[in-house]
Amino acid sequence: MIAQPRDLSAADPETALDLIFVEGFTGETVIGIDSSELHQPQPLVIDVHAGLPHVPACESDSIGDTIHYGVVCERLRRLLASHSHQLLESFAEEIARILLVEFGAAWVRVKVVKPRKFDDVQAVGVQIERRASALPAEAATASQRGAGVLRLIGSGMVPGTR
């Protein structure tokens with residue numbers, strides 16, 4: 001049975017959430033505002049927490065009924081390789097949008113860190129939280145479509161193939 005995409009944008013903000021998370025995802029990319037940052041990739045550490053109201057996978061035991069964190073990691077790898085952001089803030093915002101729109105999360109927390117950016121500091125970075133209910137209507141509709149496709153892929157099915 002294929003799970004139907006849920007309208008997570010309409011989720012009650014007081015509803016308890018099940019959290020799917022990836023912590024300590026590490027990759028390299030070119031990002032920054034200083035000239036020294038714009039030519040050499042530097043490490044980033046990314047933590048994402050994505051909330052879903054009572055995930056159906058709790059009962060179905062099917063990866064197609066939740067967010068597949070392996071697919072999230074692959075999406076983060078692609079973003080690191082292809083983005084054009086200079087600020088961690090806009091980079092984190094794009095990650096949040098991806099989780100809300102493409103993966104159908106109702107709520108996200110994204111933390112992006114530049115480790116050892118300065119000799120006397122362990123890390124610098126940003127952390128943001130966003131809700132699907134704050135997305136424009138067209139993004140919420142895209143969220144429903146994208147979440148359904150990603151759930152199919154996560155369950156091993158590829159849309160358009162037999």
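Visitor: Is D61 buried or exposed?
Guide: In this predicted model, D61 is exposed, with a relative accessible area of 72%.

Visitor: Where is D61 found?
Guide: D61 sits in the loop between helix 1 (57-60) and helix 2. Its phi is near 60 degrees, a positive value in a residue other than glycine.

Visitor: Which loop holds R116, and what is its phi?
Guide: R116 lies in the loop between strand 3 (107-115) and strand 4 (123-131). Phi of R116 is near 50 degrees, again positive in a residue other than glycine. R116 counts as exposed, at 54% relative accessibility.

Visitor: Turning to helix 2, what span should its 14 residues have?
Guide: At 1.5 Å a residue, helix 2 (residues 69-82) should span 20 Å. The end C-alpha atoms are 20 Å apart, which agrees with that expectation.

Visitor: Which residues of helix 2 are buried?
Guide: The buried residues of helix 2 are V72, C73, R75, L76, L79 and L80. Seen down the helix axis, they fall within an arc of 160 degrees, so they line one face of helix 2.

Visitor: Why would residues three or four places apart point the same way?
Guide: An α-helix has 3.6 residues a turn, so residues at that spacing point the same way.

Visitor: What do the buried residues of helix 2 pack against, and which residues are exposed on the other side?
Guide: The buried residues pack against strand 1 (17-29), strand 2 (42-53) and helix 3 (88-102). On the other side of helix 2, A81 and S82 are exposed.

Visitor: A change of topic: where is G51 found, and is it buried or exposed?
Guide: G51 belongs to strand 2. G51 is buried, with a relative accessible area of 0%.

Visitor: Which residues is G51 in contact with, leaving aside neighbours within four places in sequence?
Guide: With those neighbours set aside, G51 is in contact with L17, D18, L19, A105, A106 and W107.

Visitor: Finally, what volume does the largest pocket have?
Guide: The largest pocket has a volume of about 150 Å³. It is lined by 13 residues, of which E37, L88, K114, K117 and V124 are the closest to its centre.

Visitor: How do the residues of the lining divide?
Guide: The lining of the largest pocket comprises five nonpolar, three polar and five charged residues.

Definitions and conventions. Residues numbered from 1 in each chain as written. Predicted model: local features only at pLDDT ≥ 70, side-chain atom pairs only at ≥ 80, totals over all residues. Heavy atoms only, no water. Helix = DSSP H or I, 4+ residues; strand = E, 2+ residues; numbered from the N terminus. Expected span 1.5 Å × (residues − 1). Buried < 20%, exposed > 50% of the residue type's maximum accessible area, 1.4 Å probe, protein only. Arc of directions from axis to C-beta. Contact = heavy atoms within 4.5 Å. 1 Å grid on protein atoms, 1.4 Å probe; cavity = no way out; pocket = protein on both sides within 12 Å on 5 of 7 lines; lining within 4 Å. Points joined across faces, edges and corners; volume = space filled by probe spheres on them. Nonpolar A, V, L, I, M, F, W, Y, C, P; charged D, E, K, R; others polar.
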